[in-house]
Amino acid sequence: MFPTPPRLDTRPNPERRTAFRLLFLCLVATGIGNNMLFAILPPLARGLAVPEYWVGAIYTLSAVLFMTMTPIWGALSDRRGRKPFIVFGLCAFACSTLIFAAAAQAGEAGWVPPLAAIFAMALARTLFGSLGSATNPAAQAYIADRTSPAERTEALAGLSAAFGLGAVIGPTLAATLVDLVGVPLFMVIISATVVAGAVAVGWKLPEQSPPKQQNRPINPFTQFAFGADPRIFPFVAYGCVAWIVQSLSLPTLAFYIMDSLGLDERMGLQMSAIALAAGAGALIVAQIIFIPAMKASPRVLMALGAGITVAGFAIMIAAPNYAGIVTAYLLISFAFGLARSGFTGGASIAVEPEEQGRVAGLTTATAGLGFIIGPVGGLFMYNQLGHVVPYYVAVVLSLIALALAWYHPGIKRVQNIVEMEPET
């Protein structure tokens with residue numbers, strides 16, 4: 001049994017604010033690079049005459065590695081400190097983006113066969129999933145180290161909003177600049193921006209008191225077994241469901257817009273980018289404006305998120321036009337902003353200070369599980385069973401998440417912790 005180390009000073013100060021802003025900007029850059037793929041890849045695949053399931057396979061391969069590795073990176077940050085893994089993950093992300101850019105250029109120019117280009121893109125996403133995944137759990141644990149339980153959910157929501165802001169900028173920039181500079185050069189610019197962020201973190205991010213947890217085994221089996229801990233199990237389970245629902249909508253949205261409106265690849269990129277950016281904007285509003293204003297517990301955020309998701313997918317199923325699709329996606333994204341902040345903050349509050357890296361890795365890994373199941377499963381249902389079938393499945397899963405959030409005693413226990421501790 002390890003002694004519980006003292007909490008770091010969580011009182012507001014200029015150094016802490018500067019550190020949080022730096023992390024925010026770095027995650028904005030990675031959000032731009034990651035989310036632009038949801039707008040770029042479907043039209044790119046159609047332009048190369050590659051079947052849709054290859055797009056799902058690329059997402060899934062990356063997600064498998066992301067899910068496997070994030071708990072390891074999180075646990076290692078408990079041992080070695082947060083900053084080294086934030087920097088390492090940013091550099092790996094930049095390298096993966098460069099490889100993807102080279103693959104896109106080779107495929108578009110006809111230098112390699114379409115499937116070879118797709119395999120190279122998959123290799124790039126493999127690098128992101130295995131090594132670039134170090135950034136998120138380390139950054140999340142860095143924030144948790146420096147916040148009290150009462151302010152934890154709001155602070156982590158702000159960090160998640162950085163990735164959401166990147167999701168607004170990424171598809172919008174893709175739609176605006178791809179025609180001007182092309183996919184490869186656009187991705188090179190993103191890679192250079194992320195490298196600049198890594199340099200800034202290495203130089204400026206303070207970490208005077210890194211955790212020193214030394215004796216815990218570091219392997220995927222040990223880390224995933226931690227997910228069964230009763231303190232965090234309901235949050236991890238809810239997170240898995242929430243990410244599966246999210247991953248059913250993201251990869252299918254561009255195809256759904258193109259097929260519903262009869263658009264070609266160029267117009268599909270433009271219209272899907274607008275929808276993705278609008279949805280990411282709704283997520284940011286949820287995390288930066290709505291959550292701080294509500295001061296709600298993780299339980300309330302999780303329940304609200306699941307309930308609004310049901311409404312959003314119901315509108316998506318019935319949407320008669322582009323405006324209806326965008327409205328539905330706005331609601332779905334807003335709801336996910338609430339849900340993600342709720343289960344991430346709740347899991348962090350439920351554990352001890354020396355376990356923050358482990359729990360950050362697990363809650364981040366739920367995204368990987370979602371994108372293992374969602375893209376391939378969603379695109380299979382989309383093509384084989386009907387365009388709206390993935391959205392019916394999302395409604396059912398969201399109802400299950402709503403019941404879990406409202407009735408599970410472990411989630412109620414965390415709500416009591418938040419209510420008993422005043423905000424610092």
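Mentor: Let us begin with a term: contact means heavy atoms within 4.5 Å. This is a predicted model, in which local features need pLDDT of at least 70 and side-chain atom pairs count only at pLDDT 80 or more, while totals for chains, interfaces and linings use all residues. Residues are numbered from 1 along each chain as its sequence is written, and side-chain values use heavy atoms, with hydrogens and water left out.

Trainee: Among contacts in the protein chain with a separation of 6 or more, what percentage comes from residues 24 or more positions apart?

Mentor: Take the contacts in the protein chain whose separation is 6 or more. Residues 24 or more positions apart account for a share of 87%.

Trainee: What radius of gyration does the protein chain have?

Mentor: The radius is taken over C-alpha atoms, and the globule rule is 2.2 Å times the number of residues to the power 0.38. For 424 residues, a compact globule would come out near 22 Å. The protein chain agrees with this, at 20 Å.

Trainee: How many helices are there in the protein chain?

Mentor: Helices (H or I, at least four residues) and strands (E, at least two) are DSSP runs, numbered from the N terminus. The protein chain has 0 strands, and its number of helices is 15.

Trainee: How far apart are the end C-alpha atoms of helix α15?

Mentor: The expected span of a helix is 1.5 Å times one less than its number of residues. Helix α15 (residues 409–420) has 12 residues, so it should span 16 Å. The distance between its end C-alpha atoms agrees, at 17 Å.

Trainee: Which residues of α15 are buried?

Mentor: Buried means under 20% relative accessible area, exposed over 50%, and partly exposed in between (1.4 Å probe, protein chains only). On the other side of α15, Pro409, Glu419 and Met420 are exposed. The buried residues are Gly410, Ile411, Val414, Gln415 and Val418.

Trainee: Which cysteine has the sulfur closest to that of Cys95?

Mentor: A disulfide is a pair of cysteine sulfur atoms within 2.5 Å, and the structure holds 0 of them. The closest cysteine sulfur to that of Cys95 is 7.0 Å away, too far for a bond, and belongs to Cys91.
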